[in-house]
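Thank you for letting me take a few minutes of the meeting.

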Amino acid sequence: MTEENAHLTLDEIFELLRPVGRGQDGHSNQRFTYHLAGCAECARAIDRYRGIMAELNPFKIGGNECPAASTWAEVAAGVLPNNDALGLMEHAASCSSCSAQLREALEIVGTNAPPEPRLQQSLKTSVPARQKGLAAEMAARSRKILESESVPTTVPFVKKRKPMFLFPVWAYGAAAAVLILGIALAVFLRQGFGSTERLLGQAYAQQRTVELRIPGAGYGPVRVERGQKQSQMSSPGALLEAEAAIKKGMEQHPEDPNLLRQKAEADLLNWDFQPAIETLGHALRVQPQSSKLLVDLATAHFERAEATDTPADYESALQYLGDALRLSPKDPAALFNRAIVHERLFLYNRAIADWEELLTVEADSGWKQEAQKRLNEIRTKQQRHSARDAPDHLTLAEFKSAVEN
């Protein structure tokens with residue numbers, strides 16, 4: 001307000017709209033208040049600004065309960081337990097300061113799909129020491145953002161007879177918090193609730209020990225004879241690392257159904273089907289409508305049937321897979337596994353139907369190629385059984401001879 005009768009400038013409007021306690025000048029605000037008492041035009045302008053800010057910036061600007069900067073690096077890297085990470089992202093959605101730190105951490109991590117397992121092994125970031133260093137780098141960069149944001153943003157002085165109705169910088173940042181949360185959630189879901197699930201998928205693809213599929217795992221050929229249990233020394237490094245992470249996570253969240261499923265999948269890769277059956281049964285009581293749990297439970301019964309020659313376990317596997325497909329009718333893993341179980345029970349027509357259905361929904365070329373090969377093999381088996389069981393027919397000469405005699 002440079003002249004006695006001039007309207008409030010843009011700087012002065014922003015000063016009045018600034019939240020209490022964030023660098024306000026009490027003496028200046030008192031002068032502005034006196035001016036507003038006698039200037040209806042500026043009073044209306046302030047009211048319009050306040051209404052717009054309430055709609056565009058319903059977020060907090062941070063507070064004493066905000067987590068440390070290093071925590072957002074852990075969220076972006078996917079190393080926190082499921083419930084902790086989701087709670088932190090909910091906080092970021094309502095705190096523009098934390099959303100800025102999360103955005104910076106996500107920019108460092110990136111939002112591209114994870115690389116192939118072979119490429120992951122060659123990356124320097126696969127080494128635990130490098131991962132810790134990356135987290136420290138994220139935290140340092142986040143701190144720089146906070147320091148830069150603590151410096152007041154200067155707005156060029158505008159000497160006008162009427163106020164300019166522009167949004168302050170912090171309003172745009174706060175309004176973008178929803179978009180940042182969406183990106184964070186997409187990355188979080190893409191990572192499969194952390195690195196543990198990626199490690200299990202990598203271990204499965206590297207050394208597939210069972211014909212049936214684990215939901216979400218990439219393709220890998222069967223490398224171990226059926227029912228053959230491996231020693232821990234020959235287990236893939238990714239599996240050993242996943243088992244350690246699962247154990248640590250379950251110490252804090254023993255009832256988490258995702259951790260329970262991951263523990264069971266690690267057991268399945270080791271052909272420890274009995275503890276897997278017990279763990280998955282407990283997880284289903286916690287989360288009964290989970291197709292992934294049902295698919296894994298079917299695999300556990302399949303392994304027991306293979307190891308102990310108990311046909312009843314094949315029937316149980318078939319039932320669980322049917323339940324899974326009722327929840328998720330186009331699930332490639334469930335269709336793939338049910339086709340194999342149908343074949344074990346000599347239900348060739350049903351197996352063929354599953355393979356044909358799978359080929360219409362499967363996107364992975366490796367799984368698609370194996371499905372086509374199995375479909376061709378089962379069709380050959382079916383033809384052989386049909387030829388063997390077909391009744392023999394008499395020739396016309398044989399029929400006349402039989403009648404005459």
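This is a predicted model: local features need pLDDT of at least 70, side-chain atom pairs count only at pLDDT 80 or more; totals for chains, interfaces and linings use all residues.

Let me start with Arg 344 and Glu 211, whose side chains meet in a salt bridge with an N to O distance of 2.2 Å. Arg 344 lies in helix H17, residues 332–344, while Glu 211 lies in the loop between helix H11 and helix H12, so this pair ties together parts that are 133 residues apart in sequence. Glu 211 is buried, with a relative accessible area of 16%.

The second pair is Glu 362 and Arg 213, which form a salt bridge at 2.8 Å, N to O. Here too distant parts of the chain are linked, since Glu 362 sits in the loop between helix H18 and helix H19, Arg 213 sits in the loop between H11 and H12, and the two are 149 residues apart. Both Glu 362 and Arg 213 are buried.

What separates Arg 374 and Glu 370 in helix H19? They are four residues apart, which is about one helical turn, and the closest N and O atoms of their salt bridge are 3.0 Å apart. Arg 374 is buried at a relative accessible area of 14%, and Glu 370 is buried at 10%. Finally, salt bridges that share partners join Arg 208, Glu 211, Glu 306, Arg 344, Glu 370 and Arg 374 into one network.

Technical notes: Residues are numbered from 1 along each chain as its sequence is written. Side-chain values use heavy atoms; hydrogens and water are left out. A salt bridge is a side-chain nitrogen of Lys or Arg within 4 Å of a carboxyl oxygen of Asp or Glu. Buried means under 20% relative accessible area, exposed over 50%, partly exposed in between (1.4 Å probe, protein chains only).
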